[in-house]
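Subject: Structure handover

Hello,

Please find the structure we talked about below. My notes on it come after.

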Amino acid sequence: MSEKKYKKAKTTGRITLPSEENFYDETIELIERLGVDVLRDSDGTKLPDELKKLDEISVYTKYLTARGHNDFAKEHPTEVTRFYLMSEFVTATSEETQIKFMEEYFDQQIKPDYDHDVKEWWEVIDRTTGEVVDINDWEIDKENNIANIKTIPFHEYTVSFLAYCYWDPVHMYNYITNDWDPSIPHAIPLDPRYDATAEFLEKYLDEFLEKNPLTDVIRFTTFFYQFSLIFNKHGLEKHVEWFGYTNTVSPKAFKEFEKEYGYKLRPEDIIDEGYYNSIFRVPSKAFRDYIEFQNKFVTEKAKRLVDIVHKHGKKAIMFLGDHYTGVEPWGKNFANIGLDGVVGSVGDGVTLRLISDIDTPMTEGRFLPYFFPDTFYEGNDPTIEGKDNWVKARRALIRKPLDRIGYGGYMALAYKFTKFIDYIQKVADEFRDLHDIVTKDKPVAKATVAILNHWGAQRKWTPWIVAHGKWYKLSYSYMGITEALSGMDMDVRFINFEDVRNGIDPDIDVIINAGDAYTAFSGGAIFEDEEIVTKLREFVYNGGGFIGVGEPSAHHYGNGRYFQLADVMGVDKEIGFSQSTNKYFVDEVESHFITEDLTKDVDFGESQKNVYSISENTEILEYSNHEVHMAANDYGKGRSFYIAGLPYSQENTRLLKRAIHYVAHKEDELKKYYAEDVRVEVAAFKNLKKYCVINNSLDDVTTTVYDGKGNPKEVTIESADLIWFEE
């Protein structure tokens, strides 16, 4: 046993920690310090039996359902998963053109599928006309991976090709990130739509459980199909999209789809002009049908595996990531799987809510940093990332708590960082204290806010996400909305345009429409639909609130407006057609309820150009560079607020909170359970007669806090701390 002196956890349970071989004494110490009740392995590690046999400790065993069975994969090479991929754009300069369609892909990951007739399953497209090139006008040189095409000079062409995935994308990512031994074989992913693979995967799981009696919980990582993660010729990420379906295709799937849905899919239905149906694209009918088709199939297959786990008296949980395509927890068939829980990686408040809002018996968040050498190296302080991660996620956790938290990676590596271990000990105790309180009551919500886009509840908490917790230039200006709302004292919903068509729920106080023009989030051509536009106008006119961010309702189709709800918002965007019409209304209001807490210039992120006021009644809250960046407007009995962009910050969170109160006509409710300083938030639990004051900054803060009756008092709260008060 280690001779180190350490302080034991105040309470125990609800904490999952990774461990590994040759780390027994240190693991015992960490169990006692953090109050750990579950141990797990990670990719590249193994839990020894001596740790699995510990009393009062449950064991998670990672289970890679459809990858790494290389012997079987080599015996069944046509049952490996596939991609539909597109070559680079090539401009023809003569009547015959060659396209090296594999040139930009990583040849250790991607191999063309020549087992199926290329003339049936591939397409060559003239991207200048959008027409499919006749199959008699192109041939494939299979030896050199070249398409020889009859072309029209100075038209652009692409090749859409079916390809095997011979190196699992996550295994490849981990291999490269951790500089694994080159002798480690590349894990080959399998497609369970093929009968031999499906039978093998069920049999293998059954045998695995027989051989691992000390396992208590199987942690599926995840099931079958990897979200889109494709590498370029340099071994770098070429395309990553957390909601992509590029790696789910096969000739068998397409034939079964045609039989079930009555029409034939094209490669283009997956490739989508090279956008690969990103979450930003307005989804086509074919893609929506394909998602539904795969969801039904994958959830049925997943249920068979979960039933096997239950047959052995074990529990089954799913990691929300890696091969989770087809089992998105927001799909209508997810509950049929029968999982005992879901665990996912927490990068911020949004990703926490993405997990905690899942309807499953147990939700668990894997907090950052991951114990990998890209963070845990000499000279770096991983505590900084750990504290930032916890503070961002905690405000969301208070709104909708997780059941458990944990960490992943190489514990022996993290153990060397004493300051970090001290910090996560504090986090573990704080989490348990919070959980014990906030699970007993629902926190007070000042309003019900609905985010409107094409996806709605099918993909809630996911708007503007490309990949987990990462920054993207055209996303961050909108992700501040969901990040702010993840921990705000509001009930949050996600609705689509069919929900509007079917009648806006009267419980909704405020609708937010946000995004760049023509994306799935702003809406695009749906705003040609008079029923949609009319019902949104009616909602606001009769007293509802509307908030537009970026290019809300943007769609120019010849009716003299770019923002189709310009009358509601009091602003429109100049797109060059009406420059000869003077824009008279440029004066800012002297003060406004929404901007009352501002102490510095607003960060609009990428912002918007050339937005202007359309009426003298529009209240301009920020005007610079001859354009409007913030405005409020009365519309009948309702109100609206427009802002050019809303990256996440404490200042912008307060700005959005005030805007919601204003457009919902709830200004009088603002200073109840409220802190004057924007770095501090208040969460109230009326039935418990408690409220929590949360410092979301790393500074010590003294501020005025208001209770539920609006009574003020001065509170001093330390860096990243929280304080409970009784009422």
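This is a predicted model: local features need pLDDT of at least 70, side-chain atom pairs count only at pLDDT 80 or more; totals for chains, interfaces and linings use all residues.

Residues are numbered from 1 along each chain as its sequence is written, and side-chain values use heavy atoms, with hydrogens and water left out.

Domains

The protein is divided into domain 1 (447–669) and domain 2 (674–726); these bounds come from an automatic or database domain assignment. In the contact between them (heavy atoms within 4.5 Å), domain 1 supplies 9 residues and domain 2 supplies 10 residues. Their C-alpha centres are 29 Å apart.

Together the two domains bury about 690 Å², with 44% of that on carbon and sulfur atoms. Buried area here is the accessible area (1.4 Å probe) that two parts lose on being put together, summed over both. On the domain 1 side, D597, Q650 and R654 lose the most area to domain 2, together 66% of what that side buries. Between the domains there are 6 residue pairs in polar contact, both residues at pLDDT 80 or more. A polar contact is a pair of N or O atoms within 3.5 Å; within protein, one must be able to donate a hydrogen and the other to accept it, and residues adjacent in sequence count only if both atoms are side-chain atoms. The count of salt bridges between domain 1 and domain 2 is 0; the term means a side-chain nitrogen of Lys or Arg within 4 Å of a carboxyl oxygen of Asp or Glu.

UniProt, in an unreviewed entry, lists "domain: Lacto-N-biose phosphorylase central" for residues 448–668. That span is 21% helix and 22% strand, where helices (H or I, at least four residues) and strands (E, at least two) are DSSP runs, numbered from the N terminus. The annotation "domain: Lacto-N-biose phosphorylase C-terminal", also from an unreviewed UniProt entry, covers residues 673–725, a span with 0% helix and 57% strand. UniProt positions are in the numbering used here, feature names are shortened, and annotations may be inferred rather than shown by experiment.

Salt bridges

A search of the whole structure finds 58 salt bridges. One pairs K446 with D489, at 3.3 Å between the closest N and O atoms. K446 lies in the loop between α13 (418–438) and β20 (448–452) and D489 in the loop between α14 (476–486) and β21 (491–495), so the pair ties together parts 43 residues apart in sequence. D489 also meets K657 in a salt bridge (2.8 Å, N to O). K657 sits in helix α18 (residues 650–663), 168 residues from D489. K446 is buried at 8% relative accessibility, and both D489 and K657 are buried. Buried means under 20% relative accessible area, exposed over 50%, partly exposed in between (1.4 Å probe, protein chains only).

Elsewhere, E498, R501, D529, E531 and K535 are linked in a network of salt bridges.

Two single residues

S87, in the loop between β4 (82–86) and β5 (90–91), is buried at 2% relative accessible area. Beyond its neighbours within four places in sequence, S87 contacts I99, F101, T158, V159 and F161.

I614 is in the loop between β25 (611–613) and β26 (619–624) and is partly exposed, at 25% relative accessibility.

Regards
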